[in-house]
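My entries follow the order in which I looked.

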Amino acid sequence: MFQHFIVYLFAVSPLVSLTGAEAECPLQLNPQRVVVRYGGSVEVNCNTSVLHKGMGWEANEGIVPKIINQNLITWRVSELIDWDIKPFCYINTNDSKQCLIELPVTVYKTPDSVSISTVNHRGPMKEGQQYELQCDVHDVAPVQYLTVKWYKGQTLLHQTTFSDTDKTPVNKTVTLLIRPDRADDGAQYRCEAELDLGAEGPQPSPKYSSEPLNVEVYYKPQHSSSTETIIKDDKVMLDCSVKANPAPDYTWSSDHLNLNISSSVIESSALSPGKYTCTATNSLGRDSKVFILKSTGAEAECPLQLNPQRVVVRYGGSVEVNCKTSVLHRGMGWEASEGAVPMTKNQNLITWRVINLTEWDIFPICYINLNKGAQCKVELPVTVYKTPDSVSISTVNHRGPMIEGQQYELQCDVHDVAPVQYLTVKWYKGQTLLNQTTFSDTDKTPVNKTVTLLIRPDRDDDGAQYRCEAELDLGAEGPQPSPKYSSEPLNVEVYYKPQHSSSTETIIKDDKVMLDCSVKANPAPDYTWSSDHLNLNISSSVIESSALSPGKYTCTATNSLGRDSKVFILKSTGAEAECPLQLNPQRVVVRYGGSVEVNCKTSVLHKGMGWEASEGAVPKIINQNLITWRVSELTEWDIFPFCYINLNKGAQCEVKLPVTVYKTPDSVSISTVNHTKPMIEGQQYELQCDVHDVAPVEYLTVKWYKNQTLINETTFSDTDKTPVNKTVTLLIRPNGNDNRAQYRCEAELDLGAEGPQPSPKYSSKSLNVEVYYKPRHSSSTETIIKDVKGVLNCTVKANPAPDYTWSSDHLNLNISSSVIKSSALSPGKYTCTASNILGRDSKVFILKSTGIRPTFWTVLTVFQLSVALISVI
């Protein structure tokens, strides 16, 4: 083995010391790369076509001693158990030189197991809450070729790759945040570990999947519509059935029911016209639906007027509303659970009055008994409200400082507020509005509401203050301005690694020199210095001295999150001419594997000049004034070539050539983070752009586009020279206008004037966004003059497409169309409600007759008669 070690030194040392141009090593490997399962067998041929003094294989396993009289030798191992083996074939050529070729070997092991579980949770999940899934991959190598993929059913949700360089088997744990909804009840999640070892690896790539995780989701009842009008027939069926988990209980209430009913359906021919309220309840909440049972007879509009027509009252406050009529009657009154007014015959104005209103769901009705024997009534809409007892903000499952770039969840708790359908919860960072949430719940009584916000803080957020605010917007009849209640501010501390604004700084030596390496970081960084001119340890961020020699000084700032270095180049102030060398070009940009050549020339006499470089070095030449650094296939990412000259006065100087070696990305892809379904208008979502295998990242810009509009861009301060993967995220809050919008991200490498022109750009495929939004009419009322061709058009944009319901005293059948012809309708009020799963919006059409036009035609007739009389006179 010692002999082999001597051979190894002999093989390597000439390669390190020689600077002259050398031909490629005359060896060929077949195959040129191998992928072997741990414990498997491998064999690779090494051959040459030139005469030689010996060739062999060096390796920890399967060594082949030097052989003189053969041109093909084989490295062979029957059971490979060295994870980090680096075999190389060498040759001693007849001109007493030696060269070698290393064989890339990947030793792999498929995982022992892949399992999925929930983190800190057992049992059913609740709709809208966030949960964390965990995938454990045991004993796999090498991890840099591993991809962990998440699936819901057959749909790919997310995938994770690794940049670790471990060669030996490791365990990997990957997590996924999910926020299930009712459609996810019964869904199956699984994770899959795939080892993609390239073309030389097993085909297809080995894949190992976990057992499926069956998810049960608890969700509260939610009817598709809050009201339904039914025309009374021989047999009436009121069907309140609704999906929920756990299965709901049902209760019914009505002035026309005198027994408790727990079924979801009432089917009877004995029901009286009126209002029937069904409430479905489970452990997560409840939802009510009102059935309005109407008679088939046609009735005129009720001749009653309320003033005001709607009231908003604080719980425990006072209220009064007038009800008046201009027609003769046999009695009128107010029906209400509080403040009822008995029937009065000799008055045309009566007042409903409550000094201390303490009923949340009150339905006052003013009624009148007309002389023709009919009775009609008008219901007063009453909103009883209560401002929240408290509004508080907190972090979810986290204490202490946050880490830059990681995701955290903030929680806002609003206690005891009603009614929640008028509540808006707003999130602020400082004075900037970040997000807001509204509610479609129909609860009338006070409830507690919890809203969450995902944030990904950066260093600029250190010391930021987050707060949430609860606002009750009760409309024009409510208090003005709308009541607002804010939480105490949440002060956020963010940990971030050091990051200098520049990686190098040149300083001219003066009497006293100050090298200042101070940099912002949290926690505060420690500092270390290194230089050939320093002989003691320095832990300060600043060196201030008059005794420093010209040269290079490297300072590294380090904290628990990472480190960053800065190089100070200290130059002398002595009267020295600049180095009399000129480079052409002065900077080069080269694609990895591409060719490059740069001239170095001088106009002064010298004792020798040359190029120093790890590739393409040019030995010292005395009798020339122009020499060229040339590499036909540049494969070193971090190369530092410099041209030097030995002047006749004995001094030496040098000029460094800045070289940028670049690689365009293998792929650019866009995806949504933890979301696969249509987006909901007004909610926040995160898009992710993955740029794979690009270098150098400091010249990369990732741009976000919505359709053709640039909406954001990100640059990077990383100083990595070798290819890296970059992931950039974008928070969006789509609205209805964004439905069918196309998002894409683009990676651009702007390498300066010396780089390719125009700058290389690589775009992802377009991500088509579907946005769900509720119906919203442009106006709440519309007056239409009855015409032969006129229509009541309630059509409104919404996604999903809305269902339509119409209600009016003049309609005696259910209409599900969005349009009604006005020629077949009686004058009066028609209310159309457009509904989808996100909400509903109503529009009132006031249909007026074309035959009764007293004001305009009376004025016109008087005017025409006046003109006629004047003409006669």
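**Entry 1**

I began with Arg179, which counts as partly exposed because its relative accessibility is 36%. My classes are buried for under 20% relative accessible area, exposed for over 50%, and partly exposed in between, with a 1.4 Å probe and protein chains only. I note that this is a predicted model, in which local features need pLDDT of at least 70 and side-chain atom pairs count only at pLDDT 80 or more, while totals for chains, interfaces and linings use all residues. Residues are numbered from 1 along each chain as its sequence is written, and side-chain values use heavy atoms, with hydrogens and water left out.

I then looked for the partner of Arg179 and found a salt bridge with Glu409, the closest N and O atoms being 3.4 Å apart. Arg179 sits in the loop between β15 (170-178) and β16, whereas Glu409 belongs to strand β37 (residues 408-417), so the contact ties together parts that are 230 residues apart in sequence. For the term I require a side-chain nitrogen of Lys or Arg within 4 Å of a carboxyl oxygen of Asp or Glu. Strands (E, at least two residues) and helices (H or I, at least four) are DSSP runs, numbered from the N terminus. Glu409 counts as buried because its relative accessibility is 9%.

**Entry 1: other salt bridges**

How many salt bridges does a search of the whole structure find? I recorded 39.

I next took Lys149, which forms a salt bridge with Glu194, with 2.9 Å between the closest N and O atoms. This pair links distant parts of the chain, 45 residues apart: Lys149 is in strand β13 (residues 146-152) and Glu194 in strand β16 (residues 188-195). I found both Lys149 and Glu194 buried.

I also noted a network of salt bridges that links Lys152, Asp181, Asp184 and Lys677.

The side chains of Glu782 and Lys843 meet in a further salt bridge, at 2.9 Å from N to O. They too link distant parts of the chain: Glu782 lies in strand β70 (residues 781-785) and Lys843 in strand β75 (residues 839-848), 61 residues apart. I list Glu782 as partly exposed because its relative accessible area is 31%. I list Lys843 as buried because its relative accessibility is 7%.

**Entry 2**

I count two strands as paired if DSSP finds at least two bridges between them.

I checked β72 against strand β74 (residues 828-836), and they pair in the antiparallel sense over five bridges. Ser807 stands opposite Thr831 in β74.

**Entry 3: disulfides**

I then turned to the cysteines and recorded 12 disulfides in the structure. The criterion is a pair of cysteine sulfur atoms within 2.5 Å.

Cys240 is joined to Cys278, S to S 2.0 Å. Cys240 lies in the loop between β21 (236-239) and β22 (249-253) and Cys278 in strand β24 (residues 274-282), 38 residues apart. Both are buried.

A disulfide also joins Cys517 to Cys555, S to S 2.0 Å. Its torsion is about -85 degrees, so it is left-handed. Cys517 is in the loop between β46 (513-516) and β47 (526-530) and Cys555 in strand β49 (residues 551-559), so parts 38 residues apart in sequence are tied together. I count Cys517 as buried because its relative accessibility is 0%, and Cys555 is buried with a relative accessible area of 0%.

Is the disulfide of Cys579 and Cys653 left-handed or right-handed? The torsion about the S-S bond is about 80 degrees, so the disulfide is right-handed. The sulfur atoms of Cys579 and Cys653 are 1.9 Å apart. Cys579 lies in the loop between β50 (562-571) and β51 (582-584), and Cys653 in strand β58 (residues 652-656), 74 residues apart. I found both Cys579 and Cys653 buried.
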